[in-house]
Amino acid sequence: MKHSRQSLLILLLAATLAPQPAAAQKRAKAKSKTIVDTPVYKQASRPIEERVADLLSRMTIEEKIAQLRCPLGWEMYTKTSDKSVEVSQKFKDIMSKAPIGSFWAVLRADPWTQKTLETGLYPELAAKAINALQKYAVEKTRLGIPILFAEETPHGHMAIGTTVYPTGLSCASTWNADLMHSMGDAMGREVRSQGGNVGYGPVLDVAREPRWSRMEEGFGEDPWLASVLGPAIVKGMQGEASDGQHVFSTLKHLAAYGVPMGGHNGNAVQVGERTLRSELLLPFEKAVKAGAATVMTSYNTVEGVPCTSNRWLLTDMLRGEWGFKGFTYSDLYSVETIASNGAARDNSEGAALALKAGLDMDLGGDAFGNNLKAELEKGGISNADLDRAVANVLTLKFSQGLFENPYVNPKTAKQVCRSAEHRAIAEKVAEEGTVLLKNNGVLPLQKNLKRIAVIGPNADTPYNQLGDYTAPQAREAIVTVLDGVKAAVGKQTEVVYAKGCAVRDTTSADIPAAVSAAESADAVVLVVGGSSARDFRTKYIATGAAIASKEVLDMDCGEGFDRSTLDLLGKQEQLIAAVSAATKKTGKPLVVVYIQGRTLLMNQATDKADALLTAWYPGEQGGNAIASLLFGDANPSGRLPVSIPRSVGQLPVYYSQGKLRDYMDAEAAPLYPFGYGLSYTTFDYSGLSIERLASADGSATAQTQSAGVLMTSANGLRMSASQPLAKVRLTVKNTGKRDGAEVVQLYVHDRAASVAQPPIQLRAFKKVWLKAGESRQVEFTLGFDELSIVGADMKRVLERGDFDIMVGASSADIRQSGVLSL
């Protein structure tokens, strides 16, 4: 029987409107009930703000305070075999009181944690451990709030089986932001693949005190260099926060930590607000505006106020002026130092002061955990203070997608950590981060020499080239200078080795053996310096006490190892003198390489070596990188991020002070200036032009900042904060016979500002790769950031006037200059 189209439509409509079968109705009702019954905080489709508010409304005071705790984490798991791990009873006990918000360094391994290659976790098992801890938090606690696992990442993840990159000074010597982004990306992926969520780094402390034990960790003496390289690492580490492959970055340490009085770690800092704003805080400001998710406070006081309870830093500046949206960590137990510094009566008052100042998370976990409830009950803090901090922490948990995807795939960790790609990045950073300081023509060495002597305490001591904050790693993962030289020359050249002496120990030296090796060789590579290697050879009993050893450790740098001298320790100076005398007798070249964590003195090496390099701490692939440079497979392109002093009596010595009067008994200029570094080729600079792009309209009469428009009352300049003011162009030519890279550096001096300005300040740089004979135009854009100052009222302004524009190969080697008038 045929139906008309109208009849078919009527039948279809009737079927649609007919009562649903009972089973279908039941399913629809159940689905609707599930949505209604699911708490808002567990609904991924809801806005994060709503989810945070809902979760806060369900939490007890104890649960809120626990979310602000970040206890030490390496005792939270029990390794039951090489392939299995489970949560520890200690973890269960802590979580039973109130679920913890974050744990620090669950995967850390070093003598302090008593986690060794045998007792610690390799990446795949590490991922299983954190999955187990996370599963307990999600499934065994009342609200199922996932944990943020924070790990140390100053130059790679401080865990077993991960890639060990060069330390901060080496990274800074690359002057290569793209390379830093790649390194940050690799570090973030390694941490996240094992279940970590937060990476502590980069270290942005401007370091102008080489006696300070932590100089190795940061980017050196210049705020502008750090403000370019630091944000590059941050962006690499963080990627897209919710992509499941990256972590939140933690900026360390706010603020002024790198200029302690006397070089004592954590000591008071005496600097004014203008120096803070214009120099020491600049890298942090830039990194925050680049999206850094977390910030860590420092141990020191600034003008008498502990940084961990400094509201001006943590609230007014960080959130109010810079627009920070993440959360803040204290450094380990730094809340307790508020009272020990005399800025609080006890730890309870210190905890209250820190929370009210804007601190969110207590690393160590005791001060907040033990005191905040009592402070709330007696009015030392308010519910609003508490909720603010908890909301900041929860917001990042939601934004990383932890409530939906709290676990990682352990097999991925095995594939990602120390991958071939990541090892290649580590070698590239070490190569570009090594600075050639002197070369009288002996480098690069020939590979067909009959015999090469590799000598010195740092020539074949693996951990001495890795730096502080490094976990134990398998010996085969680390390439020493001796390893690298042997691999570079192959079997055609005999490589002889003599240690000569230790970094510090004077009882084990055998300088005659080193001299004998030098006398028999066609070239000598002498590797000296320092060490931040903690004593991985020490054995511990069950209580944690070390088994005594008569051996003097090499460690002369790293957190807590402040120094009053910058001389090479032990018998290293005697070793240089003896080996130098031997090579002078034979007429063979002597190449000295410093592996070091701070700017050690190099006077004798400069005088006696035919070639001199500093590799800082070059990381696990350092030996390959150094060998590539020694034999010309790579062309040195590193430039100093710090000034090398002639003596401790010069300190502080940094380039932006300008040319100083000589001392009665010594030169005032550094031995090697900021920005300096040699190449196996030469570069010529020519054709500087300065084009002004913007001019003052003269209409501004008062300083204001509104919608990105900035004006100064001093001289009436009005412009947009993002508006380019000038283009600086010049031509750089590789005039040598080798391909190479030049770091073109642009410095600025405001000739007559309303507030006295440094005579020279780095304001732009570019690393330019040129083939032999190739020329290229290099262009810089200058705007508000590059030309503004912190004025008399402590606000950043741009003023009319003349600006010296200086472009060159270092702060002391200006090749082209001109004047920009605004």
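Analyst: Happy to. Let's start with strand 23 (residues 726–734), which pairs with strand 26 in the antiparallel sense over eight bridges. Please keep in mind that this is a predicted model. Within that pairing, Val732 stands opposite Arg776 of strand 26. The two strands belong to an open sheet of three strands in the order 19-23-26, with antiparallel pairing. Strand 19 (683–692) and strand 26 (775–782) are the edges; each has a single partner strand, so one side of each has no neighbour in the sheet. From one strand to the next, the twist averages 20 degrees.

The other sheet to look at is an open one of six strands, ordered 13-18-17-16-14-15, and its pairing is mixed. Here the edges are strand 13 and strand 15 (494–498), each with a single partner strand, so again one side of each is left without a neighbour in the sheet. Strand 14 and strand 15 give an example of parallel pairing, with five bridges between them. Val454 has Tyr497 in strand 15 as its bridge partner.

Helix 19 (residues 481–489) touches strand 14, strand 15, strand 16 (523–529) and strand 17 (590–595), and its direction makes about 170 degrees with that of strand 15. Helix 21 (residues 572–586) touches strand 14, strand 16 and strand 17, and its direction makes about 170 degrees with that of strand 16.

Now for helices that pack against one another. Two packed helices are described by the angle between their axes and the distance between the axes. For helix 14 (residues 347–357) and helix 15, the axes come within 8 Å and cross at roughly 85 degrees. Helix 14 is therefore roughly perpendicular to helix 15, because angles of 65 to 115 degrees are counted that way. On the helix 14 side, the contact is made by Asn347, Ser348, Glu349, Ala351, Ala352, Ala354 and Leu355, and helix 15 contributes Ala367, Phe368, Asn371, Leu372 and Glu375. By class, the residues of this contact divide into seven nonpolar, three polar and two charged.

Over the whole structure, a search finds 46 salt bridges.

Next come helix 5 (residues 89–97) and helix 6, whose axes come within 11 Å and cross at roughly 25 degrees. They are therefore roughly parallel to each other, because angles under 35 degrees fall in that class. Helix 5 passes helix 6 in a right-handed crossing. Phe91, Lys92 and Met95 of helix 5 meet Leu133, Tyr136 and Ala137 of helix 6. That contact has five nonpolar residues, no polar ones and one charged residue.

Helix 10 (residues 273–280) and helix 12 (residues 311–321) pack at about 45 degrees, with their axes 14 Å apart. This pair is therefore oblique. Helix 10 passes helix 12 in a right-handed crossing. Glu273, Leu276 and Arg277 on helix 10 are in contact with Trp312, Met317 and Glu321 on helix 12. Sorted by class, the contact of helix 10 with helix 12 has three nonpolar, no polar and three charged residues.

Finally, a few backbone details to look up in the viewer. Gly201 and Pro202 are joined by a cis peptide bond with omega of about 5 degrees, and Pro202 lies in strand 6 (residues 198–203). Another cis peptide bond joins Leu443 and Pro444, with omega of about 0 degrees. Pro444 sits in the loop between strand 13 (435–439) and strand 14 (451–455); both of those strands belong to the six-stranded sheet described above. Gln114 has phi near 60 degrees, a positive value in a residue other than glycine. You'll find Gln114 in the loop between strand 4 (102–104) and helix 6 (123–140), and helix 6 is the partner of helix 5 in the roughly parallel pair.

Methods: Residues are numbered from 1 along each chain as its sequence is written. This is a predicted model: local features need pLDDT of at least 70, side-chain atom pairs count only at pLDDT 80 or more; totals for chains, interfaces and linings use all residues. Side-chain values use heavy atoms; hydrogens and water are left out. Two strands pair if DSSP finds at least two bridges between them. Helices (H or I, at least four residues) and strands (E, at least two) are DSSP runs, numbered from the N terminus. Axes are lines fitted to C-alpha atoms, for helices over the stretch in contact, and angles run from 0 to 180 degrees between N-to-C directions. Angles under 35 degrees count as roughly parallel, over 145 as roughly antiparallel, 65 to 115 as roughly perpendicular and the rest as oblique. A crossing is left-handed if the near helix is turned anticlockwise from the far one by less than a right angle, and right-handed if clockwise. Contact means heavy atoms within 4.5 Å. Ala, Val, Leu, Ile, Met, Phe, Trp, Tyr, Cys and Pro count as nonpolar, Asp, Glu, Lys and Arg as charged, and the others, Gly among them, as polar. A salt bridge is a side-chain nitrogen of Lys or Arg within 4 Å of a carboxyl oxygen of Asp or Glu.
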